[in-house]
Amino acid sequence: MAAAAETIAKPTARALSVRWIISAREDLIWFIGSVAVSYALLILYAAGFLPLIPMVAGWAILIDAPHVFGTLSRTYFDKSEWKTRKRLMLGSLLFFVVGPTMVLLGAGLTFFFVAALWAYYHLVKQHYGFMVLYKKKNNDLAPIDNALDRMLLMFAFNYPFVAFIANDPAAMARVPPALQSGVNAVAMLLFIGTITLGVAWFVRQIQRAVLREPLNVPKYLLLAAAIPMHWIALLTPMPAKPIALVAILTIYHNLQYHRLIWFHNQKYVVRPSPQAERGWGEVAAVANPTLTLPARGQGTARVPLTQFGPASFISRRLVYYIGLGIIFGIIYQGPRQFLGYLNLHTGDSSAALSFPIQLGIAFLWGYAFIHYYLDSKIWRVRRDPSLGKALNMS
């Protein structure tokens, strides 16, 4: 009887672990399913239905630059962040100087090459970041799985990128001459590593199933969405490929990021307590004049949190976030797109641009660099308990 009672009390191991960052619907639409937009751009552009300049300029101003604004909304526009990250944010402004300095020193080709590498690495790191969030949510943190997941992701994303450079003359023209001879060898090593790690990773998943260890479904769906898309886009022939790929690959990243930022930024908008819902709202309004009560019949109230500064206003309404993001896009990407296409030489390297245009574009890269760098610091869930709370990681 005791043994039977112990058996009944012991929970049955779950074959599948399905815990989402926001919810099944939101995650499947924004973090996984939004990869469909990258495929749509790829198909429309490769088939000749979507012109290059409208596609890239529209994406840059309306979607990409606003996602950089998303980073600013939770850093430079958050008054509380200035108390904890003042040195980081002020130091990041030096990125505006790096590009023009390298151009003035005659190292413009090297600068634009490094900038492109960092941009692609940033995409890969975001996919890695989402994978880590799903691993934490689903308690998928065994050392062997952490190592295999990380290595597979890095190899599987970087092989098609290097293979694209090796096989595309326009892309190779952007590589400093001293490095061009080694690109094919790096591509081969990455290919061998990807195959080896892929086999090891699949064997480990079979082992987990046999041992009845929970299988992390959201992680699998994320990898199944992101990895094939990069391979297909990077290995598909198309005109002006180095330019077109920027929009095609990055739009998936943008949509993921916008949704995560909006989810995170709800910490700037506090809902009323259950007591307020039951009639304590009037008392709270007297004690706190900043409290805005809902109209009768509405279920929520929003409290402007003055300690957060402009971040509270930006995140109060979705239309504010979108509208301010587009204004920022016009300010940032408007000039960048104008300079980039003013002297566009399809197939040429960045060195084909005139010296003043190189200086201007190099300066504007500073916005992207700040975004890349801050992102590498502000999304560390294990080091920042307040971030874990905002993303509901518990």
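Guide: What follows is a set of questions and answers in which each value is set against its definition.

Guide: This is a predicted model, in which local features need pLDDT of at least 70 and side-chain atom pairs count only at pLDDT 80 or more, while totals for chains, interfaces and linings use all residues. Residues are numbered from 1 along each chain as its sequence is written, and side-chain values use heavy atoms, with hydrogens and water left out.

Visitor: How many helices and strands are there in the chain?

Guide: The chain has 19 helices and four strands, where helices (H or I, at least four residues) and strands (E, at least two) are DSSP runs, numbered from the N terminus.

Visitor: What share of the chain do buried residues make up?

Guide: Of the 394 residues in the chain, 47% are buried, a word that stands for under 20% relative accessible area, with exposed meaning over 50% and partly exposed in between (1.4 Å probe, protein chains only).

Visitor: Why is Leu 391 called buried?

Guide: Leu 391 has a relative accessible area of 0%, and buried means under 20%, so Leu 391 counts as buried. This residue lies in the segment after helix H19 (385–390). Leaving aside residues up to four places away in sequence, Leu 391 touches Ile 21, Leu 133, Leu 260, Phe 263, His 264, Trp 379 and Val 381, where contact means heavy atoms within 4.5 Å.

Visitor: Which residues touch the most other members of the largest nonpolar core?

Guide: In that core of 100 residues they are Ile 21, Met 55, Ile 248, Trp 365 and Leu 391. A nonpolar core is a set of buried Ala, Val, Leu, Ile, Met, Phe, Trp, Tyr and Cys residues joined through side-chain atoms within 4.5 Å. Ile 248, for its part, touches Ser 38, Leu 41, Leu 42, Tyr 45, Met 55, Ala 233 and Met 238, when residues up to four places away in sequence are not counted.

Visitor: Why are H2 and H14 called oblique to each other?

Guide: The axes of helix H2 (residues 24–32) and helix H14 (residues 241–264) come within 8 Å and cross at roughly 140°. Such axes are lines fitted to C-alpha atoms, for helices over the stretch in contact, and their angles run from 0 to 180 degrees between N-to-C directions. Angles under 35 degrees count as roughly parallel, over 145 as roughly antiparallel, 65 to 115 as roughly perpendicular and the rest as oblique, and H2 and H14 are therefore oblique. The contact is made by Glu 26, Trp 30, Phe 31 and Ile 32 of H2, together with Tyr 252, Leu 255, Gln 256, Arg 259 and Leu 260 of H14.

Visitor: What makes the aromatic pair of Tyr 159 and Trp 231 tilted?

Guide: A pair of aromatic rings is described by the distance of the centres and the angle of the planes. Rings of Phe, Tyr and Trp (its six-membered ring) pair if their centres lie within 6.5 Å, and planes under 30 degrees apart count as stacked, over 60 as edge-to-face and the rest as tilted. For Tyr 159 and Trp 231 the values are 5.1 Å centre to centre and 50° between the planes, so the two rings form a pair and that pair is tilted. Tyr 159 lies in helix H9 (residues 143–167) and Trp 231 in helix H13 (residues 217–235), so the pair ties together parts that are 72 residues apart in sequence.

Visitor: How do you know whether Tyr 159 is buried or exposed?

Guide: Tyr 159 has 15% relative accessibility and therefore counts as buried, whereas Trp 231, with a relative accessible area of 22%, is partly exposed.

Visitor: Where is Val 186 found, and why does Val 186 count as partly exposed?

Guide: Val 186 is in helix H12, and its relative accessibility of 40% is the reason that Val 186 counts as partly exposed.

Visitor: Where is Ser 315 found?

Guide: Ser 315 is in the loop between helix H16 (310–314) and helix H17 (318–342), and at 0% relative accessibility Ser 315 counts as buried. Ser 315 and Tyr 268 are 47 residues apart in sequence and 6.8 Å apart in space, C-alpha to C-alpha.
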